[in-house]
Amino acid sequence: MKLRLVFAGLALALVVGCQSIAYYTQAILGHSKVMAKARPLDQWLADPATAPELKQRLETARRIREFASQHLKLPENNSYLAYAELNRSYVVWNVFAAPEFSVEPKKECFPFTGCVSYRGFYSEDEARRHAAKLREAGYDVHVGGVPAYSTLGYFDDPLLSTFIRYPDSQLARLVFHELAHQLVYAKGDTTFNESFAVTVEEEGVRRWLEAEGRSSELALFRAAQERKREFAARVSQARERLAAVYRMDLAREAMLEHKRGEWERLRAAYPALPAEPNNAFLASIAAYTDLVPAFERLLAESGSLEAFYRRVKKLATTEPSERKIQLSSR
């Protein structure tokens, strides 16, 4: 029934124009192809043709999946109990865009999910063609490959070859993150949804590694998370300074000079960043990190995961402005 409802909703969305028809068609076909490749884990494990290394990864993934429901109280369903081999690096490519002088991402609106901060494509070529059109229209654009996505419980999301060979902690992080989206989802609020899922994944990996007695890996995971926090904080500070500049009544060249200067300061600390200033890249980072500190404080106050989930579910039912006020007050 859920499958029919989703496709009916997508079919209704096709009436809005040729561009939307093409986009939704690739989304429907792309997802259908992913699901068609999925086979239950037991079939892969029983198949003599399955490589021993893959069997080991699938067994680990199943152990992670069991921990998610039994100890993290994440949805207990058929998600991540099947596996699909895709023969590509990413399952989708997300295209983020932001105006030349704004740190706020361009919103993309869809059935069921509402408005989000990006547009996803199952083909990298199609994603880059869309990105090129946005650049021609004057937007800053960032294209990022994505190893997994959540259908919010409408489908039984499978494990994918795009992430199954990740190190154990990263595999666990990703499974916990995507299951968190099935638990709580605020329509039209990407930062709320992603920051919540990041908070759950980090707490989940910590608990899983502790339960497995893998103290050395836990120390490495915590160190990696601390580096991510530092990067997120620097990006947040850069966005705040740029937002203040963009509100000024300055000539275009003066704005560009401020923008370049802020970007170079960020690149001095992180040389791997793209050479050109890019508001869309900053927005893509912020979507996953801006509210994480607030959610972490809420988790600490709640005393248990169950209480935390209840409070977050309640927040998800409020108006976006009210959610932001309540979280920022923590």
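Colleague: Which residues in α6 meet which residues in α7?

Modeller: Contact means heavy atoms within 4.5 Å. D168, S169, A172, R173, F176, H177, A180, H181 and L183 in α6 meet N193, E194, F196, A197, V198, V200, E201, G204, V205, W208 and L209 in α7. By class, this contact of α6 with α7 has 11 nonpolar, five polar and four charged residues. Nonpolar covers Ala, Val, Leu, Ile, Met, Phe, Trp, Tyr, Cys and Pro; charged covers Asp, Glu, Lys and Arg; the others, Gly among them, are polar. This is a predicted model: local features need pLDDT of at least 70, side-chain atom pairs count only at pLDDT 80 or more, and totals for chains, interfaces and linings use all residues. Residues are numbered from 1 along each chain as its sequence is written, and side-chain values use heavy atoms, without hydrogens and water.

Colleague: How do I read the packing of α6 and α7: at what angle do they cross?

Modeller: Two packed helices are described by the angle between their axes and the distance between the axes. Axes are lines fitted to C-alpha atoms, for helices over the stretch in contact, with angles from 0 to 180 degrees between N-to-C directions. The helices (DSSP runs of H or I, at least four residues; strands are E, at least two; both numbered from the N terminus) are α6, residues 168-183, and α7, residues 190-211. Their axes come within 8 Å and cross at roughly 135 degrees. α6 and α7 are therefore oblique to each other. The scale: under 35 degrees is roughly parallel, over 145 roughly antiparallel, 65 to 115 roughly perpendicular, and the rest oblique.

Colleague: Where does α4 meet α7?

Modeller: R63, I64, F67 and H71 in α4 meet G204, R207, W208 and A211 in α7. That contact divides into four nonpolar, two polar and two charged residues. The axes of α4 (residues 52-71) and α7 come within 11 Å and cross at roughly 110 degrees. α4 and α7 are therefore roughly perpendicular to each other.

Colleague: Now β3. Are its faces covered or open?

Modeller: Buried means under 20% relative accessible area, exposed over 50%, partly exposed in between (1.4 Å probe, protein chains only). Both faces of β3 are covered. V92, N94, F96 and A98 are buried on one side, W93, V95 and A97 on the other.

Colleague: Which strands does β3 join, and over how many bridges?

Modeller: Two strands pair if DSSP finds at least two bridges between them. Seven bridges join β3 (residues 92-98) to β7 (residues 140-146), antiparallel. A97 has V141 in β7 as its bridge partner. Three bridges join β3 to β6 (residues 119-121), also antiparallel. V95 has R119 in β6 as its bridge partner.
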